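This briefing outlines the strand arrangement, the helices packed against it, the nonpolar cores and the aromatic contacts of one protein. Please consult the sequence and the coordinates alongside the text.

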Amino acid sequence: MPHPVSARRLSRRGLLAAGGAATLAALLAGCGGDEDSAAPTAKGSEGPWSFTDDRNEKVSTPARPTRVVAFTGVAAALVDFGLDKQIVGVFGETKRSDGSKDPQAGDLDVESVEILGNVWGEFNLEKYAALRPELLVTHMYDPGAFWYVPDESKGKILPLAPTVTVTTARVPMTKPIERYAQLAESLGADLSAKKVTDAKARFEAAAESVRQAVKANPGIKVLACSGSPDLFYASNPKVSTDLMYFAELGVDIVVPTKLEAGDYFEALSWENAGKFPADLLLLDNRSTALQPKDLAAKPTWQQLPAVKANQVAAWDAVPRFSYAGAAPLLENLATAIKGAKKVTS
């Protein structure tokens, strides 16, 4: 979900001001040579390739792309579905400040890919051109929006390779998972591989565990939320794809009433953080949001019934849209619901 901390409040940093089309042409021209011999290849990649993305645009190339650059969470999802050497570059949170892998990266080998940017607003255009990209893939939370592709430089980024976007809002989470599976398969992944079928079986079992948890512990009110220094955000399950799916499984999720532009959330002052009573809080666990240790200094946070009862669970606000990525989220949700007590009237 576009989060106010990352998508609206953070400054856009680290943008490369490359000098126009001539510079780009020179960059691309200088990227051949010996590197070509190391380029990954996909079995059966001969012949034209096409994929109709969620803009309803048919993206076509003379051969199946073997040099894919993607938002880190997208790259990780494609890896879950069986891609590997095709992923040559990523952008978005990939490594933490201590050098460890960001959870968004999943099973992606972050040492084998070029990291073009590690935070919102960073996208190194020169490195991107040097990768000789054949396909760019990212989420689409709003029509025509390219997740983590900076608006200020997208006019230079997008012409360098065909682009595929997948809708990741206003549809249940299963839809983007299915779409990324289709994309991975078109790029050479084997969806009948044991790794993929096992992950899907785990996902389906996890979804059923959420249904059973709700039945076993009825009446638990859940609020998906995120904290910043100045504001407390209540997320909207009618827009956020994972929350929409949780609600389909029977979870009683708070629906905020005074939504900001885009309808993703309601922004509350910390004085009003208790506006929506909840028995269980799902707290945005991204590095761009305040975590429980940071929130401890907020008196109104400490006064929330769910916080007093220690009923706060981590929430992946931008989930990894694969069966392997989503199954643990459902399992954790089921555990949190089963263990929660009713603390609101």
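Which residues of the largest nonpolar core touch the most other members? They are L282 and L330, in a core of 88 residues. The model is predicted, and the points below are grouped by topic.

**Nonpolar cores**
- Contacts of L282, leaving aside its neighbours within four places in sequence, are made with V222, L223, A224, C225, L243, F246, A313, W315 and L333.
- Another core lies apart from the largest one and consists of 18 residues, including C225, F232, A278 and A306.

**The open sheet**
- An open sheet is formed by 5 strands in the order β5-β4-β3-β6-β7, and the pairing is parallel.
- From one strand to the next, the twist averages 25°.
- Strands of a sheet pair through backbone hydrogen bonds, in either a parallel or an antiparallel manner.

**Pairing of β3 with β4**
- Strand β3 (residues 68–71) runs parallel to strand β4 (residues 87–91), and 4 bridges join the two.
- Within this pairing, A70 is placed opposite V90 in β4.

**Helices on the sheet**
- Helix α3 (residues 72–80) packs on the sheet, where it touches β3, β4 and β6 (135–140). The direction of α3 makes about 120° with that of β3.
- Helix α6 (residues 174–186) also packs on the sheet, in this case touching β6 and β7. Between the directions of α6 and β7 the angle is about 155°.

**Strand β7 and its partner**
- The strands β6 and β7 run parallel and are joined by 5 bridges.
- V137 stands opposite V164 in β7.
- Strand β7 is mostly covered, with 5 of its 5 residues buried.
- The side chains of β7 are divided by direction: T163, T165 and T167 point one way, whereas V164 and V166 point the other way, and all are buried.

**Aromatic contacts**
- Across the whole structure, a search finds 16 aromatic pairs.
- One aromatic cluster is formed by F71, F91, W120, F123, Y128, Y141, W147, Y148 and Y264.
- The distance of the centres and the angle of the planes are used to describe a pair of aromatic rings.

Definitions and conventions. Residues numbered from 1 in each chain as written. Predicted model: local features only at pLDDT ≥ 70, side-chain atom pairs only at ≥ 80, totals over all residues. Heavy atoms only, no water. Pairing = 2+ DSSP bridges. Axes fitted to C-alpha atoms, helices over the stretch in contact; angles between N-to-C directions. Contact = heavy atoms within 4.5 Å. Core = buried A, V, L, I, M, F, W, Y, C linked by side-chain atoms within 4.5 Å. Buried < 20%, exposed > 50% of the residue type's maximum accessible area, 1.4 Å probe, protein only. Phe/Tyr/Trp six-rings, centres within 6.5 Å; stacked < 30°, edge-to-face > 60°.
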